[in-house]
Amino acid sequence: MSHHVVLIPGDGIGPSIADSVRKIFAAAQVDIEWHEHVAGVAALTKGRDVMPEETLEAIEHHKLALKGPCSTPVGEGFRSVNVALRKRLNLYAAVRPVRSIPGVTTRYQDVDIIIIRENTEGLYSGVENEVIPGVVMSMKVATEEACKRIAHWAFRFATQRRRKKITAMHKANIMKLTDGLFIRCARTVHKTEYPNIEYDEMIIDAGCMKIVQDPTRFDILLLENLYGDVMSDLCAGLVGGLGVVPGANFGADTAVFEAVHGSAPDIVGKGIANPLALLMSGVMMLEHIGVQKDDAKLLGQAARIRAAYELSLADGKKTRDLGGDLGTDAFTDAVIERL
Ligand code: NAI
């Protein structure tokens, strides 16, 4: 039985890395029927809305999507497609596993951090206005409902994955109401429902310093929207960069898998984009479907793809961002050869 997944190739390097994932999945004989839809600049160039209703409906229907990066203009123009998508589909929990990978040498070994980011509120609420010329304002929104929901999600996730500790990072010393609510909810959920998981809190600036000094001390990080966004890239830098960090956005019954990185406009068309983070996101998706549907074959295929890319990296067959000399296509072929 085919699994139906919406594929949004996205902008910039998106189409080329999405193509790579498709090829690798096909070579591994993963039984997926892709339903390709556009969003972002790719949609605009086809004369469609930046976030076409049809794309949203397809995700609502199939409940699963693999998404390439979508560009957002800086300081002007349309609002982020990614933020709109997460809000509309209520994909409130973002999960980003940040792990050391064999064959990718960095300053640290044995990093194994999972970032859990609240995806719908905070400064990403998009409530911005000009009070008077020269005075602008951006509203940070936090609700008890969303803060508790993400805390529950994080502790449930930690329990299911047998993780030991959650660290909530915040700035509640300054933002006493919003960040204060965020950590109070996390404390309550911890105390009343998950006392067996270790829980601590850190002011985020000190937390950043501690993470770059010794990331191996951290397990799961629980963060509101903006901090989760920034921390994802910071942590990516600890394990080799944005090319090796996958991600997923979960709602009640829908999940959209995407790499942490963006559309990388500086390397578009050069054939050097690393498809690994999107491939890893795809593997996360296979594991998600495999567990949900109790599908051992799919879980086996996910493991095979992971083993193939790890072997490729260990053999030194990697893209330039990881210190290798392969382009997107050559790396794709190297993974396929090792399947
Ligand atoms: P970016 O992640 O696209 O690029 C940052 C740096 O990392 C660049 O030097 C880029 O070449 C490199 N890089 C990123 N992914 C790479 C890959 N797979 N292989 C090799 N090198 C890679 O971040 P930036 O430049 O801040 O954003 C560019 C655009 O992407 C913006 O329009 C932004 O809004 C959008 N964006 C979209 C995201 C999404 O769709 N989820 C997430 C982050 C940014």
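Okay, let's start at the ligand. There are 21 residues around it, and the ones that come nearest are Cys 70, Thr 72, Gly 262, Ala 264 and Asp 266. Keep in mind that this is a predicted model.

What does that shell look like by class? Nine of the residues around the ligand are nonpolar, seven are polar and five are charged.

Thr 72 uses its backbone here: one of its backbone N or O atoms sits 2.8 Å from a ligand oxygen. Asn 274 also comes in with a backbone N or O atom, 2.9 Å from a nitrogen atom of the ligand. With Glu 258 we're looking at the side chain, where an N or O atom is 3.1 Å from a ligand nitrogen. As for how covered the ligand is, on its own it exposes 810 Å², and the protein buries 70% of that.

Is Cys 70 buried or exposed? It counts as buried, because its relative accessible area is 6%, and the cut-off for buried is under 20%.

While we're on cysteines: how many disulfides turn up in the whole structure? The search finds zero. Take Cys 235, which is in no disulfide; the nearest cysteine sulfur belongs to Cys 208 and is 8.2 Å away, whereas a disulfide needs the sulfurs within 2.5 Å. Cys 235 is buried too, because its relative accessibility is 0%.

Okay, aromatics. Searching the whole structure gives six aromatic pairs. One of them is Phe 25 with Trp 34, at 5.9 Å centre to centre and with 35° between the planes, so that pair goes down as tilted. Both of those residues, Phe 25 and Trp 34, are buried.

Then there's a cluster. Which residues form it? Trp 153, Phe 157, Phe 250 and Phe 257 make up one aromatic cluster.

Last one, a charge over a ring. Arg 117 lies over the face of Tyr 124, and the distance from the ring centre is 5.3 Å.

That's my tour, so over to you.

Terms used: Residues are numbered from 1 along each chain as its sequence is written. This is a predicted model: local features need pLDDT of at least 70, side-chain atom pairs count only at pLDDT 80 or more; totals for chains, interfaces and linings use all residues. Side-chain values use heavy atoms; hydrogens and water are left out. Rings of Phe, Tyr and Trp (its six-membered ring) pair if their centres lie within 6.5 Å; planes under 30 degrees apart count as stacked, over 60 as edge-to-face and the rest as tilted. Buried means under 20% relative accessible area, exposed over 50%, partly exposed in between (1.4 Å probe, protein chains only). A charge sits over a ring if NZ of Lys or CZ of Arg is within 6 Å of the ring centre and within 35 degrees of the ring normal. A residue is near a molecule or strand if one of its heavy atoms lies within 4 Å of it. A polar contact is a pair of N or O atoms within 3.5 Å; within protein, one must be able to donate a hydrogen and the other to accept it, and residues adjacent in sequence count only if both atoms are side-chain atoms. Accessible areas come from the Shrake-Rupley method with a 1.4 Å probe; for residues, only the protein chains shown count as cover. Ala, Val, Leu, Ile, Met, Phe, Trp, Tyr, Cys and Pro count as nonpolar, Asp, Glu, Lys and Arg as charged, and the others, Gly among them, as polar.
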